[in-house]
Amino acid sequence: MHREELLRMFPERMRDRWQETADLCGQLQEIRLRSGLPVTIYTEEGERFIDGRGRVVDRQDAAVRSTPKELEDILQHLCQYSLYAFADEIRQGFLTIQGGHRVGLAGQVILEEAGRIRNMKYIRYLNIRIAHQIKGAADSVIAYLYENGQVCNTLLISPPGCGKTTMLRDLIRQLSDGTVYGQGVNVSVVDERSEIAGSYMGIPQNDVGTRTDILDGCPKAEGMMMLIRSMSPQVLAVDELGSDQDMEALRLASGCGCKLMATIHGSSLEEIKSKEYMRYVIAERLFDRFVVLGRQSGNFVIEGIYDREGKRCIS
C-alpha cells in the first residue's frame, strides 16, 4: 500500500493528522477509532497512538480521542457519501474499500421482527484493517500439495492471526496461474467476508490469479454449490469453515470432482479432529493434506504438514 492510498481513506480536511501514520503504511496493520477513546494504531512493532498533532506516540495519555462527528464523517467518506448504497455491507458489520482494505463496524444494531439484523446506527467504532498481500507466502508448502501433478484437497489450520488467509490467497494465485508442479487450473472462491480477493465493486483488489472466479459476500455453503453449477471449477476455495452446513457443502463439492482448498481455526490437527462437525470429514478422509500454522517469536511458522493418514510430510 502507498501512503496516498491510506490518506484517501479519510476526508481531505482530516488528512494532515494522518501524514505521519501514512509514512508507516508498509508496516501498518490496523487503525482503531472509538468514540471518546484514544486513536490507536497497530504496526508490526505493536500498539501505538496518535496525538492531536498527528504524531505517532507510545503514551496512551498523549493520544487524541475520536469524536462521534469524526467517526460519522469518516464513515460517510468511506461510503462515498451514500450509506444507503452500502447498507448490505453495514448490516454485516464491515466494508471492503478500494485497495482491498476492510473496515469493521460496531454500534447499535436495529433488528427486524424476526430477529434478523436490519441495519446499524450510531456507529461509534471503526477498525480499519490494512490489506497486505504477500506474494510467495505459500512457496514453502506448495510442493507438498501436489500428487502426480494433481492438486491435493488441502486444509489450512491455525489460530486467529497466524496467516492462514494470507497463505490461502497465495495458494489460490499460484494454483490459478500454474506452478512448476502443475499447470494452471480454474479456481472458484467463495469470499464470504471479502478477505481473500478484497473485491471492491466486484473487482478483486488482490492478485488471485488469471483463472480465478470470485463469488463475493456470499455464505459459504450456498456459494460453493452456486459456483459448482455456474463456473465448473477444478479447485474450490473457502475461508474459515465452521458449521455442519459448510461440511455438507464440501462433501457435495468433492463428489462433483472439485479439489478443495479451505481454512479452519485451530491450534493443531488433534484439536480439529475433536470438533464435532469435523468428524465425518476426517473419517471420510476428505482432505489429503493438513497444513498447521502457528507463531514463534512473533513470526508466522509452519508447524507441520500432514497427509490423509496424519503422517508428517515435512519435519
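Contact here means heavy atoms within 4.5 Å.

## Model and terms

This is a predicted model, in which local features need pLDDT of at least 70, side-chain atom pairs count only at pLDDT 80 or more, and totals for chains, interfaces and linings use all residues. Residues are numbered from 1 along each chain as its sequence is written, and side-chain values use heavy atoms, with hydrogens and water left out.

Helices (H or I, at least four residues) and strands (E, at least two) are DSSP runs numbered from the N terminus.

Seven strands form an open sheet with antiparallel pairing, in the order β4-β3-β2-β1-β7-β6-β5; two strands pair if DSSP finds at least two bridges between them. At the edges, β4 (56-57) and β5 (94-96) each pair on one side only. Strands β1 (residues 28-34) and β2 (residues 40-43) run antiparallel and are joined by 4 bridges. Arg 32 stands opposite Thr 40 in β2.

Helix α3 (residues 68-78) lies across β1, β5, β6 (102-111) and β7 (117-129), and runs at about 95° to β7. Axes are lines fitted to C-alpha atoms, for helices over the stretch in contact, and angles run from 0 to 180 degrees between N-to-C directions.

## Helix α7

The buried residues (under 20% relative accessible area, 1.4 Å probe, protein chains only) of α7 are Asp 246, Met 247, Ala 249, Leu 250 and Ala 253. Seen down the axis of α7, they fall within an arc of 160°, so they line one face of the helix; the arc is that of the directions from the helix axis to the C-beta atoms. Their cover includes α6 (220-231), β13 (235-238), β14 (259-265) and α9 (279-283).

After α7 comes Gly 257, with a positive phi near 95°.

Terms used: Buried < 20%, exposed > 50% of the residue type's maximum accessible area, 1.4 Å probe, protein only.
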